[in-house]
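The points are grouped by topic.

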Amino acid sequence: MKKIFFLLVIALAVGACQNKANNEVEKKGSSGKTLEMMIVADKNVYQREVKEFLDSMFASPQIGLPQPESKFDLVNIPKSSYENSEMFQNHRNIILLDINPNNPNKVYMQIDQYAAPQVVFDFAMTDIATLKENLLKYESVILREIYSAEHRRVIKAFKGMQNYNLTQKVYDKFAFNLMFSNEFQWAKEDVDFAWIRKEAKDFGLGILVDVFPYENQNVFTEQKILDRMDTIMKRHVPASKDSSYMGLERRKNESGEYLAPIVLKTVDFPNSEYCVETRGCWRAFGDFMGGPFVSYTLLSPDKKNVIMLTGYVYCPRNKPWTKRDLLMQAESICWSINWDK
């Protein structure tokens, strides 16, 4: 089999701007819905075998949601429509699938080629088998880069209506920044803790910030992380009824498995040597409320503190909002962290 290459192409005129933020200033805004993925492929490629393969990778249920929602909403258009339409070329997340015996069996990734933020993956393959092999090989790269672009999108949107007072308050208390829009309010604080939230008509969205001294690597174990989150929620986040409070959904079945899966994994996080991502569901003790959460437990750049950023969503009805899309907002706020004064 021919050697397979993976090329990273930063899609700029002369590659002058290596900084993604600079790219976004020069490029027009990308289009498309949150977590929507455009599959550019003709019918002879996007047939049953390939479609089912893509669905299993990108339309499977998102981890940590109380009701099933797909990771992405997949939309297919033919190559001719894509090549002749600026609207399609400006889409936020694009995967090009091209099958031709003369193709070089290469995969290209282009960042902010036509718009920003944008990610384009171009699979130039000779046959279906090689296409599937490469889709599987680069699945983690695709997910990482598209989620990164989604984070940039939310942060860019929030910058347009940034709550500067809230940004300053976070920095004064913790010596790092988080990006919030002016829809968010400072709800509560304690020593080394803050609760920032947005309460809308149909949903609630919040961020819990917890900072504590780093002692050893044991703070990143599953038991320590979950116990810490539970303690912080119970102490600081009341539910709607008297004596009710937020906590993690940690009930188990007879086999010892969580009724609502809790998944932990290490991730590469900005300016942090070590970070654990936790996904699952929270519930109100003493009340009928619940929803998804995502949390990042990370080591500060000076390795003196552990920072736990937990984003949660309360959305009883999934229309017009979805828990998946709202959780992406909370996730993006966590990823916006930086230590610039």
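Helix α6 gives the most to the lining of the largest pocket, with 12 residues. The model is predicted. The largest share of the lining of the second largest pocket also comes from α6, with five residues.

**Largest pocket**

- The volume of the largest pocket is about 1,200 Å³.
- Its lining is made of 40 residues, and Arg-144, Tyr-147, Ser-148, His-151 and Trp-335 lie nearest the centre of the largest pocket.
- Two or more lining residues come from each of α1 (20–26), α6, β13 (263–266), β14 (275–285) and α9.
- The lining of the largest pocket divides by class into 14 nonpolar, 12 polar and 14 charged residues.

**Second largest pocket**

- The second largest pocket has a volume of about 250 Å³.
- This pocket is lined by 14 residues, and those closest to its centre are Thr-34, Arg-92, Val-154, Ala-157 and Gln-329.
- Both α6 and α9 supply at least two residues of the lining of the second largest pocket.
- Seven nonpolar, three polar and four charged residues make up the lining of the second largest pocket.

**Packing of α6 with α9**

- The axes of α6 (residues 139–159) and α9 (residues 323–335) come within 9 Å and cross at roughly 85 degrees.
- That angle makes α6 roughly perpendicular to α9, because angles of 65 to 115 degrees count as roughly perpendicular.
- On the α6 side, the contact is made by Tyr-147, Glu-150, His-151, Val-154, Ile-155 and Phe-158.
- On the α9 side, the contact is made by Met-328, Gln-329, Glu-331, Ser-332, Ile-333 and Trp-335.
- The contact of α6 with α9 has seven nonpolar, three polar and two charged residues.

**Packing of α2 with α5**

- Helix α2 (residues 48–58) and helix α5 (residues 128–137) have axes that come within 11 Å and cross at roughly 5 degrees.
- That makes α2 roughly parallel to α5, because angles under 35 degrees count as roughly parallel.
- The residues of α2 in this contact are Glu-49, Val-50, Phe-53, Leu-54 and Met-57.
- They meet Ile-128, Leu-131, Lys-132, Leu-135 and Leu-136 in α5.
- By class, the contact of α2 with α5 has eight nonpolar, no polar and two charged residues.

- Phe-158 is in helix α6 and counts as buried, because its relative accessibility is 5% and the cut-off for buried is under 20%.
- Leaving aside residues up to four places away in sequence, Phe-158 touches Met-179, Phe-180, Ser-181, Phe-184, Gln-329 and Ile-333.
- Phe-158 and Gln-329 are 171 residues apart along the chain, and their C-alpha atoms are separated by 9.7 Å.
- Glu-331 is in helix α9 and counts as buried at 5% relative accessibility.

- Phe-293 is in strand β15 (residues 290–299) and is buried, with a relative accessible area of 0%.
- Beyond residues up to four places away in sequence, the contacts of Phe-293 include Met-229, Leu-248, Trp-282, Tyr-312 and Leu-327.
- Thr-278, Arg-279, Gly-280 and Cys-281 are also among the residues that Phe-293 touches.
- The C-alpha atoms of Phe-293 and Ile-262 are separated by 9.9 Å, with the two residues 31 apart along the chain.

**Backbone geometry in loops**

- Most residues other than glycine have a negative phi, and most peptide bonds are trans.
- The peptide bond from Ala-116 to Pro-117 is cis, with omega near -5 degrees.
- Pro-117 lies in the loop between β7 (115–116) and β8 (119–125).
- Ala-175, which is not a glycine, has a positive phi of about 65 degrees.
- Ala-175 is in the loop between α7 (164–174) and β9 (185–190) and counts as partly exposed at 40% relative accessibility.
- Ser-243 has a positive phi near 65 degrees.
- The loop between α8 (222–236) and β12 (245–248) holds Ser-243, which counts as exposed at 73% relative accessibility.

How values were computed: Residues are numbered from 1 along each chain as its sequence is written. This is a predicted model: local features need pLDDT of at least 70, side-chain atom pairs count only at pLDDT 80 or more; totals for chains, interfaces and linings use all residues. Side-chain values use heavy atoms; hydrogens and water are left out. Axes are lines fitted to C-alpha atoms, for helices over the stretch in contact, and angles run from 0 to 180 degrees between N-to-C directions. Helices (H or I, at least four residues) and strands (E, at least two) are DSSP runs, numbered from the N terminus. Angles under 35 degrees count as roughly parallel, over 145 as roughly antiparallel, 65 to 115 as roughly perpendicular and the rest as oblique. Contact means heavy atoms within 4.5 Å. Ala, Val, Leu, Ile, Met, Phe, Trp, Tyr, Cys and Pro count as nonpolar, Asp, Glu, Lys and Arg as charged, and the others, Gly among them, as polar. On a 1 Å grid over the protein atoms alone, a cavity is a set of points where a 1.4 Å probe fits but cannot get out, and a pocket is an open set with protein on both sides within 12 Å along at least five of seven lines; lining residues have an atom within 4 Å of a point. Grid points are joined across faces, edges and corners, and a volume is the space filled by probe spheres set on the points. Buried means under 20% relative accessible area, exposed over 50%, partly exposed in between (1.4 Å probe, protein chains only).
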